[in-house]
Amino acid sequence: MPMKGKKAKTPLSDEEQLLLFQQKLLAEEEMAKKKERLLSQFLKVKLAKEEHNSAVSLNRINTQWRTILRDAKTRDLHKDIEILSQTFERVVDRKDYVIKSLAKDLSAAEEQYARALRSHLHNVDQLLALQRCRLNLLEESYNMELEALTKEFETERKTIIDQHEKEICYLQDVFMAMEQSYIDSEYESKLEFQSMWDDLKNKNIEEKHFLRLQLENTVEYLWRRFQDALKNYTDATEDRKIAFETLKVKDEKSSKEIEAQMKRIQRLQDSIIILKGKIMVHGRDSEEQNQYIRDDKELVLVQLRKLKAQRTQARGISQENLVKLTLESNATLKALRKIVDKGEKILKLAEICRKFETEEEKVLPFYSSVLTPKEQEEIKEINPEELTEELAKVIVDYTGMENFWKRYNKVKLEQLSLQHRRAQLLEINGKLREMLKQYLDGISVSDEVLSQLNPLFIVNHQSNLPQPLSTPTTQPGDKPPPTTYNIIEAAHVVSHIL
C-alpha cells in the first residue's frame, strides 16, 4: 500500500501532463459530440411528435371548420331552395294560367277554322258543280255538232256514190256502143280488104304468068347451070343444106307468125287510135265534171279540217282546264290536309296545355291592351292610314285572330322572360359552382392547394386573395384598409427545410 502511495505522489513530467491534457480534451470533445448527437436525436423525436400533433390538430380544425361551413352552406342552400321553389311554383301557376287561356283561344280558333273550312268546302263544291255543268254543256254541243257533221258527210257521200255509179253505168253503155261500132267497122274493113286482096292477087297471077313465059328459057339455062352448081354445092355442103332446110322451115313459120301478128297489131293500132279519139272526147266531158267534183271535195275537206282543228283545239283546252283543275284540287287537298294536321297537333297541344292552366288564366284568358288611351291616340296620330275596301276586308277577316295573337304574344313574352331567368340562374349556378370549388380547394390540404392562393387563410375578416383592380381609390378622410398577413405553420416550413 505505501508503495502505491509513493508511486501516486510522484510528480509528472511535462510530456505526461501534455498527454494527459490532450486526453482530457479528446474526452471532452467526445462527450460534447455525444451530447450534440443526443440533443439532435431528441430534437428530431420532439419535431416528429410536434409534426404528428400539428397534423392531428390541423385535421381536427379542418373537420370542425368543415362542419361549420357545411352548416352555413346548408342554411344558405335551404334558403335558396325555398326561394327557388316559390319562384318555380309562381312560374308554374303563371304557365298554367297561360296554358288555360291558350286552350280557350285554341277552342275559339278551332271553331273559326271549322267555320272557314265549311265555307271553303261549300265554295269548292259550287265551283265543281259549275265546272261539271259547263263540261256537260260543252259535251252536248260537241255531240250535236258531230252528229250534224256526220249526217252531212253521209248525205254527201251517198250523193257522190250515186253519181259515181251513174257515171260508171253511162261509161259502160258508151263502151258497149263503141265495141259494137268497132265490130261493125271491123267487118266492113275485112270485106274491103278481102276484095282488094282478090284484085291484087289476080293482077299478080297475070303478071307472074307473063314473066314466067319470058323467064322459062333463061330459067332452063340457069337451071342447068344451077343443077351443075347444085350438084357440086350439094356434094360439098350436104350437111349445111340439111341444117339450112330446117332453119328455112323455121324461118317460114316464124315469118308467117310475124306477118299474122303484124296484121293483128296493125288492126289493133287502128282500133286503138279510133278509140283514143272517142275516149278523148268523152274524157274532156268527164274531166270537167271531175274537176267540178274535185273542187267541191276540196271545199268539203277544208271545212272538215277546220272543224277537226276546232274540235282538237277545244278538246286540248278542255283537257288543259281539266288537268289544271285536278292539279289545283290536289294542291288544295294537300294544303287542307296540312292545315288539318296542324290543327290536330294544335288541339293535342291545347289538351296538354289545359292541364297546366292556372285559375287566373281560366277566369281571364285574354288580357286587355297594355297601352294607355293616350298612347293609343298617339299611335293613331302617328300612322293615319286611309282604309280602302280591300284593307277593310282583310282587317275584318283577321279580327277573329286578335285574342289568339294576344295569348300567343303573352306566351312569347313569358318564354323570353323564362329564358332570361334561366340565363340568370345558370350564371348564379356557375358562380355557386366556382365558390364551391374554391371552398373545396380551401378545405383540402395538399401541396397543389397550398402552392396556390387559399381562401381559408382569413385575417381580420379578409382573405389573402388578390383584390380586383377596379376597387375605388381611398379618399383623404377614409381609414386605410387593414393589413393582412399570411400565416404559415412551422410544421409545413420544417417539412420543406429538413
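A salt bridge is counted here where a side-chain nitrogen of Lys or Arg lies within 4 Å of a carboxyl oxygen of Asp or Glu, and a search of the whole structure finds 4 of them. The model is predicted, so local features need pLDDT of at least 70 and side-chain atom pairs count only at pLDDT 80 or more, while totals for chains, interfaces and linings use all residues. Residues are numbered from 1 along each chain as its sequence is written, and side-chain values use heavy atoms, with hydrogens and water left out.

**A salt bridge between helices**

- Glutamate 414 and lysine 95 meet through their side chains in a salt bridge of 3.5 Å, N to O.
- Because glutamate 414 belongs to helix H7 (residues 402-443) and lysine 95 to helix H2, the pair ties together parts that are 319 residues apart in sequence; helices are DSSP runs (H or I, at least four residues), numbered from the N terminus.
- Both glutamate 414 and lysine 95 are buried, where buried means under 20% relative accessible area, exposed over 50%, and partly exposed in between (1.4 Å probe, protein chains only).

**Other salt bridges**

- Glutamate 186 pairs with lysine 190, their closest N and O atoms being 3.9 Å apart, and both residues lie in helix H2, 4 residues apart, about one turn of the helix.
- Lysine 190 counts as partly exposed, at 46% relative accessibility.
- Arginine 294 and glutamate 287 form a salt bridge through their side chains at 3.4 Å, N to O.
- Arginine 294 is partly exposed at 40% relative accessibility, and glutamate 287 is likewise partly exposed, with a relative accessible area of 40%.

Methods: Helix = DSSP H or I, 4+ residues; strand = E, 2+ residues; numbered from the N terminus.
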